Amino acid sequence: EAKIHDQLADKIPDLKMSQIIGQPDQQQNTVKPDIEESLQELTKIKLREKEKDIIERQIELLAEIKTLSWTMQEGNTGAGRSRYGLLMDEADSEWAIDRLSNPFQVPNIILWHQGIASVGEGIMSGHLQHYIDNVKLLRRATIELKDDYDPHTHDPLIASLSWEDLTDEEKQAAPPLLVMGTEKLLTSSLWSELNRLLSLDLPIKVFILDSLQVRAGDSSVIARSNSELISLIALKKAFVCQSSLADGEQLFDNLVRGLKTSKPSIFKLFSPVYNEQSSTTDLEILARIARDSRAFISISMDPDKESNYLNSQISLSGNSEVANDFVEQLIGEGDEEFRFGLTWADWALTQPEFGEYFDQVEPSKDQVPVSEFVTMADNSGKVAVVVRINQGKQVRYAVDPKIIAIVDASLQSWHM
């Protein structure tokens, strides 16, 4: 804006720019120059007709740039234009209907039916059409500054500009669409819709808040959830991240990379349900237990990372003891010493809803850690237990077969 302003001032030094460019019109959400008045002023200056055409075009361009700057930074609300749009799944969103407690300061749509893909694609299309119009304006300004603008040549080129024609830098500046939901988005009825959204080469960012709510014995949930992430990774079209507060620095780094890319991204984030009866209410500690027990592993895949091999684009660095099946723990001392590997059962023991699947038992020779139980060739006659220290003494819990089934599933998922 300043450069075009200076360029016009050089061409018409006796004309004040305030005479050419008006003030923002909040009702019309624009800035309109008075071209006729400006041209009348220009008649006082000896200019050729071609020069007048150029100056008139640049006056209009400067007004459009000022309008864009005003709407981006201030606009009618004083806060400028929204930096993103928000699409939420109906799950757990009833509270958002209450306007008094609605915290959203961006365009937000809550779906009360299936149709995330079509609605999301429509919103994104509207976002991009408006954004591309802004890019066209800036490209015009760039060429005008070089005094190379030829309407017959450049007008058709700029008018036909599409998303595919933008530079990487221009794509990264586009306002993304954020899609928010719970793990219910990964159910079979909605997964196809979500997969369709993520297959688009557009800045659509999906956030799934996973509370790890699994019914005892339903090991298929573990397999299905991870297989869906793996299928996305295999497509190499979207930035994929599953992470938690177990490693805050890595979580932040993945969020920045995933939001920065112009490609679609999916973030599956650990978000436990707060329960005062849990063994701990510290979210960071819960996240570490979930990660180290392989209940919620950290994994990311960056399609922008140059490589001919998929496995080099995948990172498991956020996990502990990646080369092993389990993260080993040692509790107690002397006769009370007990070495075991953390499993999904250790995570379940922190959650009150699984309490009925753990029975406190006295120590015996037939008891083995869950991590050992699920890897034994023959575990008949053995009792799988998890161990805790309470007031300096071991407390052992026999684990129900329904929990063991989920431990098996999570171990198989880790092997994948």
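Modeller: This is a predicted model. Just after H11, arginine 294 takes a positive phi of about 65°, although arginine 294 is not a glycine.

Biologist: Where is the place of arginine 294 in the chain?

Modeller: Arginine 294 sits in the loop between H11 and strand E7 (299-301).

Biologist: Is arginine 294 buried or exposed, and why?

Modeller: Arginine 294 counts as buried because its relative accessibility is 5%, and buried means under 20%.

Biologist: And H11 itself, which of its residues are buried?

Modeller: Helix H11 covers residues 283-292, and its buried residues are Leu286, Ala287, Ala290, Arg291 and Asp292.

Biologist: What covers the buried residues of H11?

Modeller: The cover includes strand E6 (265-270) and helix H12 (344-348).

Biologist: Glycine 318 next. What is it in contact with, leaving aside its neighbours within four places in sequence?

Modeller: With those neighbours set aside, glycine 318 is in contact with Gln250, Arg291 and Ser298. Arg291 is also one of the buried residues of H11.

Biologist: Where is the place of glycine 318, though?

Modeller: Glycine 318 belongs to the loop between strand E8 (314-315) and strand E9 (328-331). Its relative accessible area is 5%, so glycine 318 is buried.

Biologist: What separates the C-alpha atoms of glycine 318 and alanine 246?

Modeller: Those C-alpha atoms are separated by 8.4 Å, while the two residues are 72 residues apart along the chain.

Biologist: Going back to phi, what value does aspartate 147 have?

Modeller: Aspartate 147 has a positive phi of about 55°, and aspartate 147 is not a glycine. This residue lies in the loop between H5 and helix H6 (151-159).

Biologist: How many residues line the second largest pocket, and which lie nearest its centre?

Modeller: The second largest pocket is lined by 18 residues, and those nearest its centre are Met72, Tyr131, Asn134, Ala173 and Pro175.

Biologist: How does the lining divide by class, into nonpolar, polar and charged?

Modeller: The lining of the second largest pocket has nine nonpolar residues, five polar ones and four charged ones.

Biologist: Now the strands. In what order do the four strands of the open sheet come?

Modeller: The order is E11-E14-E13-E12, and the pairing in this open sheet is mixed. Strand E11 (358-361) and strand E12 (367-369) are the edge strands, each pairing on one side only. From one strand to the next, the twist averages 50°.

Biologist: How many bridges join E11 to strand E14?

Modeller: Four bridges join E11 to E14 (residues 393-399), and these two strands run antiparallel. Aspartate 359 stands opposite alanine 398 in E14.

Biologist: Finally, the whole chain. How many helices and strands are there?

Modeller: The protein chain has 14 helices and 14 strands. Of its 416 residues, 45% are buried.

Biologist: And what share of the contacts with a separation of 6 or more comes from residues 24 or more positions apart?

Modeller: In the protein chain, residues 24 or more positions apart account for 68% of those contacts.

Technical notes:
Residues are numbered from 1 along each chain as its sequence is written. This is a predicted model: local features need pLDDT of at least 70, side-chain atom pairs count only at pLDDT 80 or more; totals for chains, interfaces and linings use all residues. Side-chain values use heavy atoms; hydrogens and water are left out. On a 1 Å grid over the protein atoms alone, a cavity is a set of points where a 1.4 Å probe fits but cannot get out, and a pocket is an open set with protein on both sides within 12 Å along at least five of seven lines; lining residues have an atom within 4 Å of a point. Ala, Val, Leu, Ile, Met, Phe, Trp, Tyr, Cys and Pro count as nonpolar, Asp, Glu, Lys and Arg as charged, and the others, Gly among them, as polar. Two strands pair if DSSP finds at least two bridges between them. Axes are lines fitted to C-alpha atoms, for helices over the stretch in contact, and angles run from 0 to 180 degrees between N-to-C directions. Buried means under 20% relative accessible area, exposed over 50%, partly exposed in between (1.4 Å probe, protein chains only). Contact means heavy atoms within 4.5 Å.
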